[in-house]
Amino acid sequence: MRVIIADSPEAVARMGAEQCIRLLQDKPAAVLGLATGSTPIALYAHLIQRRQQGEVSFRQVRTFNLDEYIGIAPQHPQSYRSFMQKQLFDHIDILPENTHIPSGMGDPMAESRAYEDKIHSAGGIDLQILGLGRNGHIGFNEPTSSLSSRTRAKTLTQETIRDNSRFFSADEEQPHLAITMGIGTILDARKVMLLAAGAAKADAVKAMVEGPISAMHPASALQMHPSTLVIVDTEAASKLELIDYYRWVQSETLRVQGAYL
Ligand code: GLP
């Protein structure tokens, strides 16, 4: 795991976007794994801007989102499909048929199997972007998820439901179930990049990077991935025991490579 500590949430987003853009410049037909939540919004804004400046194209890119709520239609304003259209897809030159999000309607078991097959047929995910739940979830893999799980339906914890209630108005029914890539699915990506910002994520970041690998903290499974980049702001990094070491590695990397990433 490489830990990059950025000065601000904005710098987290900028560095994350830079990674995506480098990948797309090297491999224009890359397969991206995408995430929802508030953290990647600023990263997507950077991608949109860089597209508008003609620095990157998504014409050949295929995307697979991590998860979707069960029981709400894609057109629902709180669906992750609506989120992705609004925050990214509607503003870039990606082909709609190349954007994949699990369907929250229909039979979740059949949908899960079909989603795994689609990822496999696309040749696997080159770069999986992740946010981090306060309880350590990635995608919607809540604590005690199998570390080798595949795409399937999950029941959300009360904590996650509360954390995400800010996106739903009082009269809207909030789903308690979701379909999510499994931890095993995520670990199959060739590269993983997790972004986290803010003091509320500090405990989860500490457990992910320095805690034991445990199903109680799903993100800790990333310690087993050979190429995971964790980009955090100073607040999210504040509880890391080896923070001075990560900063030292960062400055050495800059000295040797001329860039952090
Ligand atoms: C949701 C998503 C996760 C995301 C998490 C954190 O639960 N399913 O993929 O990482 O929220 O969201 P935020 O970035 O808003 O803190």
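**Notes on the predicted fold**

1. Contact here means heavy atoms within 4.5 Å. Angles run from 0 to 180 degrees between N-to-C directions, with axes fitted as lines to C-alpha atoms, for helices over the stretch in contact. Helices (H or I, at least four residues) and strands (E, at least two) are DSSP runs, numbered from the N terminus.

2. A word on what you're looking at: this is a predicted model, where local features need pLDDT of at least 70, side-chain atom pairs count only at pLDDT 80 or more, and totals for chains, interfaces and linings use all residues. Residues are numbered from 1 along each chain as its sequence is written, and side-chain values use heavy atoms, with hydrogens and water left out.

3. Two strands pair if DSSP finds at least two bridges between them.

4. Val-3 has Val-230 as its bridge partner in strand 10.

5. What does Gln-250 touch, leaving aside its neighbours within four places in sequence? Val-3, Ile-4, Ile-5 and Tyr-260. Gln-250 lies in helix 8 (residues 243-257), and its 8% relative accessibility is why it counts as buried (under 20% relative accessible area is buried, over 50% exposed, in between partly exposed; 1.4 Å probe, protein chains only).

6. There's also an open sheet of three strands, antiparallel, in the order 4-8-7. Its edges are strand 4 (67-69) and strand 7, each with a single partner strand, so one side of each is left without a neighbour in the sheet. From one strand to the next, the twist averages 30°. Strand 7 and strand 8 (residues 177-180) run antiparallel and are joined by four bridges, and Thr-155 stands opposite Leu-177 in strand 8.

7. Take a look at Thr-144, in the loop between strand 6 (127-130) and strand 7 (152-155). Its phi is near 80°, a positive value in a residue other than glycine. Thr-144 counts as exposed because its relative accessibility is 57%.

8. On to helix packing. The axes of helix 1 (residues 9-26) and helix 2 (residues 41-52) come within 8 Å and cross at roughly 50°, so the two are oblique (under 35 degrees is roughly parallel, over 145 roughly antiparallel, 65 to 115 roughly perpendicular, the rest oblique). The crossing is right-handed, i.e. the near helix is turned clockwise from the far one by less than a right angle. Among the residues that meet are Ala-13, Ala-17 and Ile-21 in helix 1 and Leu-43 and Leu-47 in helix 2. By class, this contact has seven nonpolar, two polar and four charged residues (Ala, Val, Leu, Ile, Met, Phe, Trp, Tyr, Cys and Pro are nonpolar; Asp, Glu, Lys and Arg charged; the others, Gly among them, polar).

9. Helix 2 also packs against helix 3 (residues 80-87), at an angle of about 40° with the axes 10 Å apart; these two are therefore oblique to each other. Ile-41, Tyr-44 and Ile-48 in helix 2 meet Phe-83, Met-84 and Gln-87 in helix 3. That contact divides into five nonpolar, one polar and no charged residues.
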